[in-house]
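Let's take a walk through this fold together. Keep the picture open while you read.

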Amino acid sequence: MSAVSTPPTASTSTSAPGRRDAEATKAAILKAARHLLARHAHGDITLKAVAERAGVSAPLILKYFGNKDALFARVMSFEADADALLDAPLDELGRHMVRHVLVSQTRQGADPLLRIVFAPLHGAQGDILRANFRTQVTERLTARLEGPDAGLRAELAVAGLLGLGVMFGIARSTHVRGAAPEDVVDRYAPAVQAHLTPADGG
């Protein structure tokens, strides 16, 4: 995973380039923190380690996020990830979600949802991660579903996505990674969609 370095520079024309640089820097910091959180216990991660991975200085992290707790509060939120994951009509949502998992892995090098897999590493912080995942991902999906057992169906659909993410990004399976993404979508999405809009209505 390549580091992104965008040191602050003074803008002599308009403020737009500075804003873009700031957003790119914050994104790099969040990406670095997510990477470390997936591999180390929360208490073992230092701002210095995050800064080195992001290619920035530790004081810049403090400037943008305030402190380590504030930074990791952002990292442990799934709200923006859920916005992207659920951004499709219900009858097309299964294909969209499967494609989102694959695109996140192939283009960004990580699936943001997979952070939940590492919750046991993080003690009390892991409890926050779990609570955020429930409220921001599975309960939000549940609210969109009609018919009986909506909560169970939502959790099973998300479980399918996590399984795909684990095989692709963690197990790094040969055949799933070697297949054309749209072929995987064609094969996998119907199983996810069956939980979202079951043929029998529930």
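**A buried histidine and its helices**

Leaving aside residues up to four places away in sequence, His100 touches Asp81, Ala84 and Leu85, where a contact means heavy atoms within 4.5 Å. His100 sits in helix H6 (residues 93-108); helices here are DSSP runs (H or I, at least four residues), numbered from the N terminus. With 18% relative accessibility, His100 counts as buried, since buried means under 20% relative accessible area with a 1.4 Å probe, protein chains only.

A quick word on the ground rules: this is a predicted model, where local features need pLDDT of at least 70, side-chain atom pairs count only at pLDDT 80 or more, and totals for chains, interfaces and linings use all residues. Residues are numbered from 1 along each chain as its sequence is written, and side-chain values use heavy atoms, leaving out hydrogens and water.

How confident is the predictor? pLDDT gives its confidence in each residue, from 0 to 100. The chain's mean pLDDT is 85, with 87% of its residues at 70 or more. Over residues 1-15, though, the pLDDT is below 50, and this stretch has 17 contacts in the model beyond near neighbours in sequence.

Now find helix H8 (residues 150-170) and H10: their axes, lines fitted to C-alpha atoms over the stretch in contact, come within 7 Å. They cross at roughly 160°, on a scale from 0 to 180 degrees between N-to-C directions. The two helices are therefore roughly antiparallel (over 145 degrees). Among the residues making the contact are Leu156 and Gly160 of H8 and Val184 and Tyr188 of H10.

Notes
Buried means under 20% relative accessible area, exposed over 50%, partly exposed in between (1.4 Å probe, protein chains only). pLDDT is the predictor's confidence in each residue, from 0 to 100. Angles under 35 degrees count as roughly parallel, over 145 as roughly antiparallel, 65 to 115 as roughly perpendicular and the rest as oblique.
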